[in-house]
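Visitor: I have a structure to go through with you. Could we take it piece by piece?
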Amino acid sequence: MPALAQQTPSLSELLNEAGGGAASGRMVQMIALLTVLSLAPGLLIMVTSFTRIVIALSFLRSGLGLQSTPANLVLISLSLFMTFYVMGPTFDRAWKDGIQPLTANEISEQEALTRVAAPFREFMLSQVRPKDLQTFADLAAANGQAATSTAPEDVELRILIPAFMISELRRGFEIGFLIMLPFLIIDMIVATLVMSMGMMMMPPAVIALPFKILFFILIDGWNLLVGGLVRSFY
């Protein structure tokens with residue numbers, strides 16, 4: 001009976017008892033954490049080497065003339081692990097400088113965010129083309145959103161990230177062109193031979209496919225491609 005006589009406290013009373021500001025802050029932190037986790041795949045693509053790697057591997061599959069080999073799961077997994085390899089020092093710095101002090105309550109959330117973003121900013125600045133960076137800086141200035149500083153190390157992330165992404169797209173397509181070129185030459189040679197022998201009903205792509213696979217194996221293509229992709233970031 002004494003328990004039934006008690007009234008259930010409202011949400012506002014609970015916040016007041018626990019400290020309204022502290023409880024509200026924890027709720028905001030939880031919402032921010034869930035938002036970051038939901039956007040993690042997009043963040044991985046936007047600020048890391050994943051874009052260039054996956055585009056190059058996709059061009060390789062198209063150049064070989066294989067529609068589903070290697071499978072998408074294999075290409076994405078290889079791209080992810082290569083991204084973790086390339087971005088390893090960046091991830092380590094972000095963890096040691098930002099996340100570890102935050103979990104130990106040594107720094108605030110705002111300072112932790114700045115420290116975590118600093119290694120990624122340095123990586124993107126080392127890879128972005130000045131022309132792309134200037135393009136987005138000019139667009140921001142035209143929209144009345146001029147940056148507080150014009151120095152590359154102080155450029156805002158809203159300008160740096162899209163500039164970095166289109167730079168990675170350009171480099172990915174440049175690498176894709178170099179990958180496709182030898183396979184195109186093989187296709188042209190095979191098509192010329194097939195036409196000269198009068199084999200009109202035989203698709204040249206069917207005959208060229210084993211030669212392209214053999215060529216890729218003989219030159220140790222996977223080692224060359226993966227090594228070249230990794231070295232392109234240094």
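This is a predicted model: local features need pLDDT of at least 70, side-chain atom pairs count only at pLDDT 80 or more; totals for chains, interfaces and linings use all residues.

Visitor: Is proline 89 buried or exposed?

Guide: Proline 89 counts as exposed, because its relative accessibility is 51% and the cut-off for exposed is over 50%.

Visitor: Changing topic, which residues form the nonpolar patch on the surface?

Guide: The patch includes Phe177, Leu178, Leu181, Met188, Met202 and Val206. Its residues together have about 1,200 Å² of accessible area.

Visitor: Which helix gives the most to the patch?

Guide: Helix α10, spanning residues 157-196, gives the most, with eight residues. Methionine 188, a member of the patch, is located in α10.

Visitor: Why does methionine 188 count as exposed?

Guide: Methionine 188 has a relative accessibility of 51%, and exposed means over 50%, so the residue falls in that class.

Visitor: Next, how do helices α5 and α11 pack?

Guide: Helix α5 (residues 50-64) and helix α11 (residues 204-218) pack at an angle of about 135°, and their axes are 9 Å apart. The two helices are therefore oblique to each other, since only angles over 145 degrees would count as roughly antiparallel.

Visitor: Which residues meet there?

Guide: From α5, Leu60, Gly63 and Leu64 meet Leu209, Lys212, Ile213 and Phe216 of α11.

Definitions and conventions: Residues are numbered from 1 along each chain as its sequence is written. Side-chain values use heavy atoms; hydrogens and water are left out. Patches are made of residues with over 30% relative accessible area and no salt bridge: like charges are joined within 9 Å, nonpolar side chains (Val, Leu, Ile, Met, Phe, Trp, Tyr) within 5 Å. Accessible areas come from the Shrake-Rupley method with a 1.4 Å probe; for residues, only the protein chains shown count as cover. A salt bridge is a side-chain nitrogen of Lys or Arg within 4 Å of a carboxyl oxygen of Asp or Glu. Helices (H or I, at least four residues) and strands (E, at least two) are DSSP runs, numbered from the N terminus. Buried means under 20% relative accessible area, exposed over 50%, partly exposed in between (1.4 Å probe, protein chains only). Axes are lines fitted to C-alpha atoms, for helices over the stretch in contact, and angles run from 0 to 180 degrees between N-to-C directions. Angles under 35 degrees count as roughly parallel, over 145 as roughly antiparallel, 65 to 115 as roughly perpendicular and the rest as oblique. Contact means heavy atoms within 4.5 Å.
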